[in-house]
Amino acid sequence: MNQAIDPASLIHWPTDSAIRRAAAALAAGDLVGVPTETVYGLAADATRDDAVSKIYQAKGRPSTNPLIVHAADATAARRYTSLFAGDRRNAGSDPTLIDQWKIASAFWPGPLTVVVPRSSSIPDIVTAGRDTVAIRVPDHPVMRKLLKQCPFPLAAPSANVSNYVSPTIARHVADGLGQSVAMVLDGGRCDWGVESTIIQLDADGPRLLRPGGITAEQLRSVFGRIDVPDQLGDHTQVQVAPGQLPTHYSPDKSLVFVDRYETLLSDPSFQATQRIGRIAFSRLDDAQRSQFDQVWIVDETGDLRRIASRLFAVLREADQSDCDLLVIDRCEEIGIGRAIMDRLRRATRSVDQTQ
Ligand code: TXA
Ligand code: MG
């Protein structure tokens with residue numbers, strides 16, 4: 001962490017000419033840190049193997065974990081799937097998939113990614129050799145302008161070192177990947193703060209692969225039904241996005257849910273000398289605060305949308321504190337709460353497995 005970046009390469013609210021420079025860097029095969037409404041991305045020209053391979057290398061990401069392709073608008077997005085007539089791989093698409101595409105694309109620009117049959121314009125390295133590609137149209141003014149400047153789509157995973165917490169401000173990108181990018185476009189704090197919802201279109205109806213800002217409730221209301229595996233957290237049982245590994249998004253420090261911590265306290269082998277940090281989703285009273293060495297209140301009012309937008313920044317901050325163990329709340333699994341708990345289950349998993 002904390003690799004140096006030349007401050008000149010971190011461009012605060014870039015002008016049109018700075019965005020043109022970023023497009024030129026991408027056209028030359030370089031990587032650029034980009035803001036989106038969900039989390040910051042690490043972007044490359046999705047049509048170039050050499051550029052895309054730099055993403056895997058910079059993140060330390062396994063080449064088996066495919067990337068999301070970002071398009072400027074829904075019309076451009078159609079070019080990256082074989083669903084529509086005119087694509088070389090099109091072999092008479094299932095009309096139900098085209099109907100689902102139309103419904104899904106009404107959420108664009110926005111935090112929804114669709115997994116669909118891929119077009120031949122997308123190279124194997126982006127899809128990790130799969131027949132499907134993940135596509136989304138992001139909703140951030142800087143990213144949209146950049147995409148309009150680029151005559152190619154952008155492959156962009158979250159701009160964190162593989163398995164670490166996703167970045168929600170430009171500084172996070174510079175801290176983790178500063179050495180690998182030509183520049184980072186700083187478009188302020190990400191509005192949603194958790195990665196996009198991913199659905200896979202299927203003849204039997206869409207399947208939720210990763211919960212995010214577009215909620216299961218919203219998807220159900222437009223699709224009539226959506227297949228939501230009971231246990232998105234249990235990745236041995238269900239088919240999920242390949243990157244949704246059991247342990248993921250985790251800080252370096254041990255992180256446990258507050259109920260688990262209470263049982264730890266009664267364990268005689270628990271070291272009382274540890275410095276304990278508490279990450280709470282609403283206000284704590286003085287008696288509760290006094291049990292911890294440091295306290296972070298993610299949102300005083302317990303608002304799930306605000307908790308999502310601040311969560312990753314707080315996790316990073318707590319990870320840099322001198323606490324030995326971090327204790328975090330659970331939240332209700334409705335709306336965006338499902339995405340919050342999905343990420344936290346993965347972030348706490350490694351500790352639960354070893355203790
Ligand atoms: O909000 C977001 O989606 C952010 C911003 C930057 O757009 N991107 C992001 O990318 O979260 P990444 O790479 O961190 O997560 C993408 C997920 C991974 O779990 C990957 O396995 C899955 O999407 N994925 C990509 N292509 C897929 C495919 N063809 N089938 C199933 N899952 C796929
Ligand atoms: Mg990621």
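Start by selecting Tyr 56: at 8% relative accessibility it counts as buried (under 20% relative accessible area; exposed is over 50% and partly exposed is in between, with a 1.4 Å probe and protein chains only). Tyr 56 is found in helix 2, residues 49-59 (helices are DSSP runs of H or I with at least four residues, strands are runs of E with at least two, and both are numbered from the N terminus).

The model on your screen is predicted, so local features need pLDDT of at least 70 and side-chain atom pairs count only at pLDDT 80 or more, while totals for chains, interfaces and linings use all residues. Residues are numbered from 1 along each chain as its sequence is written, chains are lettered from A and ligands numbered from 1 in the order in which they are written, and side-chain values use heavy atoms, with hydrogens and water left out.

**Around Tyr 56**

Now show what Tyr 56 touches (a contact means heavy atoms within 4.5 Å). Not counting residues up to four places away in sequence, its contacts include Arg 61, Asn 65, Ile 125 and Val 126. Pick Ile 125 and draw a distance: Tyr 56 and Ile 125 are 69 residues apart in sequence, and their C-alpha atoms are 9.5 Å apart in space. Then zoom in on the backbone oxygen of Ile 125, which lies 2.7 Å from a polar atom of the Tyr 56 side chain. That is a polar contact (a pair of N or O atoms within 3.5 Å; within protein, one must be able to donate a hydrogen and the other to accept it, and residues adjacent in sequence count only if both atoms are side-chain atoms).

Switch to cartoon view. Ten strands form an open sheet with mixed pairing, in the order 1-8-2-3-7-4-6-5-9-10 (two strands pair if DSSP finds at least two bridges between them). Strand 1 (10-12) and strand 10 stand at the edges with a single partner strand each, so one side of each is left without a neighbour in the sheet.

Next, select strand 9, residues 197-200. Which way do its side chains point? Thr 197 and Ile 199 point one way and Ile 198 and Gln 200 the other, and all are buried. In a regular strand the side chains alternate between the two faces of the sheet.

Leu 112 has Thr 197 as its bridge partner, and Thr 113 has Ile 198. Strands 9 and 10 form a hairpin with six residues between them, and in the turn Gly 205 has a positive phi of about 110 degrees.

Bring in helix 4 (residues 95-105) as well. Helix 4 lies across strand 5, strand 6 (132-136) and strand 9, running at about 160 degrees to strand 5 (axes are lines fitted to C-alpha atoms, for helices over the stretch in contact, and angles run from 0 to 180 degrees between N-to-C directions).

**Annotated positions**

Select Thr 38, His 70, Arg 136 and Ala 156, which an unreviewed UniProt entry annotates as "binding site" (positions are in the numbering used here, feature names are shortened, and annotations may be inferred rather than shown by experiment). They span 119 residues in sequence, yet no two of their C-alpha atoms are more than 12.8 Å apart, so they gather at one spot.

- Thr 38 is in the loop between strand 2 (32-34) and strand 3 (41-45). Thr 38 is buried at 3% relative accessibility, and its side chain makes a polar contact of 2.8 Å with that of Thr 36. Beyond four places in sequence, it touches Arg 136 and Glu 195, among others.
- His 70 sits in strand 4 (residues 68-70) and is buried, with a relative accessible area of 3%. Its contacts beyond four places in sequence include Arg 136 and Ala 156. A polar atom of its side chain lies 3.3 Å from the backbone oxygen of Ile 68.

The unreviewed entry's "binding site" positions also include Thr 132 and Ser 166, your last two selections.

- Thr 132 is in strand 6. Is Thr 132 buried or partly exposed? At 21% relative accessibility, Thr 132 counts as partly exposed. Among its contacts beyond four places in sequence are Val 115 and Gln 200.
- Ser 166 is in the loop between strand 7 (154-155) and helix 7 (170-177). Ser 166 is buried, with a relative accessible area of 1%, and its side chain makes a polar contact of 2.5 Å with the side chain of Glu 195.
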